[in-house]
Amino acid sequence: MSSSVRPDEGLDHPFAGDLNWLLHRVGAVLGSAQDEVARRHGLGIRGYVVLRTIAQSEGSSQLALGRDLGLDKTTLTAVLDRLEEAGLILRRPAPGDRRARVCEATAEGREVAGKAAEEIEATEQRLLAEMRPRDRDELVRLLRQLAFGPFADTAPISGSCI
């Protein structure tokens with residue numbers, strides 16, 4: 001497989017060997033590309049993540065949703081307000097606890113989430129296109145090992161990446 005990226009690409013950068021910088025840089029590059037995709041669907045990356053989570057796990061309370069995504073109540077409420085105004089979700093009182101609100105995706109919301117998910121996945125594939133399949137698998141395995149490794153208890157697993 002021929003590569004358009006030189007093996008020594010970026011080696012002259014002052015942080016070329018800094019793992020923290022490299023991980024953040026990859027996150028920023030991928031996040032920016034995926035935010036652009038999500039915006040084409042009227043969402044932004046945060047709106048996409050919230051909508052897709054709701055579409056995949058119907059009946060989640062706002063409190064559980066915020067906890068699982070690592071979003072504070074104010075931020076989550078603003079995102080949910082936009083999604084509801086766009087007709088992509090509904091919020092209803094939770095059965096058994098009228099103070100709690102349950103989020104549900106509308107049919108249009110599920111459709112938008114599905115279409116956006118396909119394009120978001122394509123951005124990941126474009127990022128990894130130069131890698132052999134076994135190298136992609138190894139990258140994911142190694143990142144998972146680091147994410148859940150010796151320092152995992154220093155940061156919440158469900159913290160926001162958006």
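This is a predicted model: local features need pLDDT of at least 70, side-chain atom pairs count only at pLDDT 80 or more; totals for chains, interfaces and linings use all residues.
Helices (H or I, at least four residues) and strands (E, at least two) are taken here as DSSP runs, numbered from the N terminus. A few friendly notes follow.

1. Residues are numbered from 1 along each chain as its sequence is written, and side-chain values use heavy atoms, with hydrogens and water left out.

2. Is Cys-103 buried or exposed? Its relative accessibility is 1%, so Cys-103 counts as buried (buried means under 20% relative accessible area, exposed over 50%, partly exposed in between, with a 1.4 Å probe and protein chains only). Leaving aside neighbours within four places in sequence, the contacts of Cys-103 (heavy atoms within 4.5 Å) include Ile-54, Gln-62, Leu-65, Leu-80 and Leu-90. Leu-90 is 13 residues from Cys-103 in sequence, and their C-alpha atoms are 5.8 Å apart.

3. On the overall layout, the chain has 6 helices and 3 strands, in the order α-α-β-α-α-β-β-α-α from the N terminus. The C-alpha trace spans about 60 × 35 × 25 Å along its principal axes. Of the 162 residues in the chain, 25% are buried.

4. Helix α5 (residues 107–128) deserves a look.

5. Which residues of α5 are buried? They are Gly-109, Val-112, Ala-113, Ala-116, Ala-117, Ile-120, Thr-123 and Leu-128. These cover an arc of only 140° around the axis, which puts them on the same side of α5 (the arc is that of the directions from the helix axis to the C-beta atoms). They pack against α1 (19–40), α2 (44–56) and α6 (133–147). Ala-107, Glu-118 and Arg-126 are exposed on the face turned away from that buried side.

6. Finally, the axes of helix α3 (residues 62–69) and helix α4 (residues 73–85) come within 10 Å and cross at roughly 115° (axes are lines fitted to C-alpha atoms, for helices over the stretch in contact, with angles from 0 to 180 degrees between N-to-C directions). Gln-62, Leu-65 and Gly-66 of α3 make the contact with Leu-76, Thr-77 and Leu-80 of α4.
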